[in-house]
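Hello,

Here is the structure I promised to pass on to you. Please have a look at it first, and then read my notes below.

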Amino acid sequence: QVVDVIARLRTGAAISKQEEERFKRYIPRSGDTPQSIQQKLGYLRDQFQMVLDRTGGSGSDLQAAAGL
């Protein structure tokens with residue numbers, strides 16, 4: 001699950017190759033259609049929001065990092 005990968009990335013814990021591959025498919029790539037890019041970014045945004053909801057985060061750090 002992407003949430004697990006995000007948690008590991010935040011703590012510096014290692015992720016498995018399988019988790020890395022699963023996560024990579026949601027990163028926009030050159031050649032993606034605009035619709036595909038929006039879908040991927042929407043999925044990632046939703047996953048980050050779930051992390052914030054579960055941890056009680058306000059989202060201000062994430063928004064600042066994203067330049068929002």
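Which residues in H3 are buried? In H3, the buried residues are Ser36, Lys40, Gly42, Leu44, Gln47, Val51 and Leu52, where buried means under 20% relative accessible area, exposed means over 50% and partly exposed is in between (1.4 Å probe, protein chains only).

Before the rest, a word on the conventions. This is a predicted model, in which local features need pLDDT of at least 70 and side-chain atom pairs count only at pLDDT 80 or more, while totals for chains, interfaces and linings use all residues. Residues are numbered from 1 along each chain as its sequence is written, and side-chain values use heavy atoms, with hydrogens and water left out.

The overall picture

The chain has four helices and zero strands, so to speak of its order from the N terminus is to write α-α-α-α. Helices (H or I, at least four residues) and strands (E, at least two) are DSSP runs, numbered from the N terminus. Of the 68 residues in the chain, 22% are buried. The chain exposes about 5,100 Å², and carbon and sulfur atoms supply 51% of that area; the areas come from the Shrake-Rupley method with a 1.4 Å probe, and for residues only the protein chains shown count as cover. Taking contacts (heavy atoms within 4.5 Å) between residues at least 6 apart in sequence, 32% join residues at least 24 apart.

Helix H3

H3 has 22 residues and should span 32 Å at 1.5 Å a residue, which agrees with its end C-alpha atoms being 32 Å apart. The expected span here is 1.5 Å times one less than the number of residues. Just after H3, Gly56 takes a positive phi of about 80°.

Lys40 lies in this helix and is buried, with a relative accessible area of 13%. Leaving aside residues up to four places away in sequence, Lys40 touches Arg25, Tyr26, Ile27, Pro28, Arg29 and Asp32. With Asp32, the side chain of Lys40 also meets in a salt bridge (2.7 Å, N to O).

Salt bridges

How many salt bridges does a search of the whole structure find? The search finds three, a salt bridge being a side-chain nitrogen of Lys or Arg within 4 Å of a carboxyl oxygen of Asp or Glu. Besides the Asp32 and Lys40 bridge, Lys17 and Glu21 meet through their side chains at 4.0 Å, N to O. Lys17 is exposed at 55% relative accessible area, Glu21 is partly exposed at 41%, and Lys24 is partly exposed at 40%. Salt bridges that share partners join Lys17, Glu21 and Lys24 into one network.

The aromatic pair

Rings of Phe, Tyr and Trp (its six-membered ring) pair if their centres lie within 6.5 Å; planes under 30 degrees apart count as stacked, over 60 as edge-to-face and the rest as tilted. By this rule there is one aromatic pair. Tyr26 and Tyr43 form it, stacked at 3.9 Å centre to centre with 25° between the planes. Tyr26 lies in the loop between helix H2 (17–24) and helix H3 (34–55) and Tyr43 in helix H3, so the pair ties together parts that are 17 residues apart in sequence. Tyr26 is buried at 18% relative accessibility, whereas Tyr43 is partly exposed at 26%.

Best wishes
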